Amino acid sequence: MVPPGKKPAGETSNSNKKCKRYFNEHWKEEFTWLEFDYERKLMFCIECRQALVKNKHGKAENAFTVGTDNFQRHALLRHVTSGAHRQALAVNREQLAFETRIHGHPELRSVIKVEVNPAKVAVLATVYWMAKEEIRDEKCSSLLDFQKFNLCQALLASEHSEYYHPSSVREMQAAIAKVLHNEDRHRIKASPFVGLVVDETVDVLEHRNLAMFTTTVSPCNGQTSAAFLGSFELPAGEAATVTGKVGEVMRSFGIPTMKITWLSTDSASLVAERLSGVGTALTSLCPLLTEVHCLSHRSSLLPAESIVSIEYLQKYETTVDAVYRLYSSFRGESNGLQELRSVLDLCEIDLGSPKAIHWTSIFPAVEAIDSSWPTLVLLLESEAERSPVAHGLCEELKKFQFVAFTKILLDVLPIFQKLSRFFQIEDFDLSILKPIVSATATTLQAQKSASGQNLQEFLNEMNEHPRDDREGESRLYYKGVELANCSKVHLKHFERLKESYLESVRGNLLDRFPSSVLEAISSFSAIFNPKCYPQSLEDIGSYGVSELNFLLQAYSRVVVSERALSDFPLFKRIVFSLSQLSFKDLCVKLVYSNSEMHELFPDFAVLAAIALALPLGSVLAEKISRGREMLKRGRSRRTKDEGLSDLMKIAIDGPAINEFDFALAIEYYESMRESGFIVAQVK
């Protein structure tokens with residue numbers, strides 16, 4: 001009741017008699033929860049009126065439940081960020097989920113809605129935030145105490161049950177991850193096609209881990225999303241072991257084999273052939289599958305594991321490894337040696353790790369060796385008499401082959417570094433993939449006969465002096481240092497090494513991007529990238545016919561070829577008029593189920609959805625990279641891999657804390673605890 005002579009608080013609290021304000025109808029579009037009573041001239045929050053959540057004083061009324069005439073946009077902004085509004089949203093979501101579960105059970109509809117305990121939300125929100133920030137589980141108790149010290153009302157006002165104890169952090173993480181995985185299942189079910197990313201890694205304890213991601217497409221708006229499905233420890237074995245785990249995860253998430261159109265595999269620590277067996281095995285199960293290299297991988301496209309067959313490579317890496325271990329902690333004034341230390345920090349190289357470091361694929365490391373080479377030789381010479389290790393390293397660094405091979409690496413590695421950067425662009429132009437790979441292969445082939453720039457400059461800078469003791473032979477000097485092993489025999493051996501290395505690198509590149517995959521991606525780009533179309537409308541008559549035929553044959557199970565060919569002339573004319581759109585923009589327009597283009601060109605909408613599911617982009621790259629880093633650190637913290645996958649899920653895919661559904665997580669968590677308690681009682 002409002003006392004006589006007074007108006008409701010909402011009506012009087014912000015009324016401005018000097019400057020009359022009016023309700024703006026456009027606010028309803030921005031704030032979907034807003035409602036206006038045209039008779040009483042008051043605005044309300046639908047969510048808060050429906051939930052009627054009590055505040056810390058035990059009252060459920062606020063200005064937006066009783067009605068307010070504070071017609072100012074900043075009042076709406078204050079309300080939408082208020083604790084009362086967020087709590088109301090959580091309560092209403094819980095009620096919606098409850099009503100969905102009891103659908104078909106009328107006898108349960110009389111159950112009274114239960115409020116979400118703010119203390120429970122506060123505890124779960126703390127656990128959620130800790131996972132996002134990668135804070136150790138043991139810190140939960142002290143963080144809760146710290147929040148109480150800062151007078152967190154939710155934790156001070158009421159007691160939470162014994163379930164919500166810091167010792168149950170992993171169970172809470174499992175409940176939170178379950179909410180996120182349920183969202184993944186909804187996205188996968190709604191997506192017309194799915195891309196899979198399978199990433200195999202080895203941690204510091206030599207445990208094999210399989211991290212899996214999906215890329216999906218929303219038919220509601222055509223937007224793509226990438227999700228982490230989990231991390232799984234693998235026993236020792238070959239491709240069959242990995243394939244079995246991939247199939248198990250697919251069944252767990254309900255991914256139909258007909259939906260999987262892309263499989264992107266990569267292995268940072270193991271031989272690539274093991275994962276290639278996965279693609280071969282899954283192709284027989286997934287008729288639309290195309291296997292591609294992980295385009296979104298942030299590591300080098302030149303893995304040293306693929307060229308270990310070259311004997312000298314291992315010797316070179318052993319030498320470089322010894323140099324870094326000897327001089328990385330050098331605290332002298334030499335800029336050259338300080339550069340070695342900065343490389344370790346820049347590339348996050350851990351010399352204490354038992355895992356082998358493949359120096360020949362790390363460009364900054366090779367660059368630092370090259371620039372500091374004269375200084376290293378002088379230092380090693382000065383220590384050679386009292387240190388056998390320094391003597392051996394000095395002899396190795398002075399060899400012609402060591403310096404020349406360093407120059408080859410300086411010519412090759414930047415090529416792959418540039419190639420990797422292309423794939424980190426969010427809206428990568430697929431039309432340039434085939435030319436880039438082709439140009440890279442041609443460059444490597446050319447370097448076999450004509451040396452690269454760095455090697456050529458090295459050969460030109462060497463000074464030749466005749467030997468007094470051997471007629472017809474010369475001494476070779478580089479930057480004031482006499483090089484060893486410079487005979488004709490040694491030079492011929494180096495030429496064979498150069499050719500063998502460049503051919504191996506070139507072969508690895510072409511294996512990662514086979515012609516069939518390049519043809520498929522190039523065809524998608526030709527059809528769906530307006531910028532690839534001819535400049536004149538008169539020239540589009542025969543454009544793209546062969547590329548479309550390629551796609552129609554590859555995806556004949558999900559398109560009607562005759563209809564697509566019949567629609568193609570009109571489709572091209574429309575795309576020609578949309579020249580301002582990017583490849584992705586056009587595909588999104590086609591996939592969006594309510595768009596005119598989706599209805600006009602159903603077969604092109606299908607092909608566009610397949611194209612959008614391609615595992616690509618900086619978002620996916622960031623998730624893969626973070627997953628790898630967490631696997632490295634996480635296994636050393638959790639000895640039995642308990643809950644690591646749940647922790648990674650929250651950290652990698654969890655939305656902003658104010659967007660997460662804590663009410664549903666509380667429900668899952670308490671259900672898990674109750675079922676666990678019952679099982680314990682039965683035992």
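Mentor: Rings of Phe, Tyr and Trp (its six-membered ring) form a pair if their centres lie within 6.5 Å; planes under 30 degrees apart count as stacked, over 60 as edge-to-face and the rest as tilted. This is a predicted model: local features need pLDDT of at least 70, side-chain atom pairs count only at pLDDT 80 or more, and totals for chains, interfaces and linings use all residues. Residues are numbered from 1 along each chain as its sequence is written, and side-chain values use heavy atoms, with hydrogens and water left out.

Trainee: Which residues do ring pairs link into a cluster?

Mentor: Trp262, Phe524, Phe528, Tyr555, Phe568, Phe571, Phe601 and Phe604.

Trainee: And how many aromatic pairs does the structure hold?

Mentor: There are 30 aromatic pairs. In one of them, Phe23 and Phe36 have ring centres 4.2 Å apart and planes at 5 degrees, so the pair is stacked.

Trainee: Where do Phe23 and Phe36 sit?

Mentor: Phe23 is in the loop between helix 1 (9-12) and helix 2 (27-30), and Phe36 is in strand 1 (residues 34-37), 13 residues apart. Helices (H or I, at least four residues) and strands (E, at least two) are DSSP runs, numbered from the N terminus.

Trainee: Is Phe23 buried or exposed?

Mentor: Phe23 is buried at 14% relative accessibility, and Phe36 is buried too, at 9%. Buried means under 20% relative accessible area, exposed over 50%, partly exposed in between (1.4 Å probe, protein chains only).

Trainee: Switching to helices: at what angle do helix 7 and helix 10 cross?

Mentor: Helix 7 (residues 118-132) and helix 10 (residues 169-190) cross at roughly 85 degrees, with axes that come within 10 Å. Axes are lines fitted to C-alpha atoms, for helices over the stretch in contact, and angles run from 0 to 180 degrees between N-to-C directions.

Trainee: Which residues make the contact?

Mentor: Val123, Leu124, Val127 and Tyr128 of helix 7, with Val169, Met172, Gln173 and Ile176 of helix 10 (contact means heavy atoms within 4.5 Å).

Trainee: Last one: how many helices and strands does the chain have?

Mentor: The chain has 30 helices and 10 strands, and buried residues make up 47% of its 683 residues.
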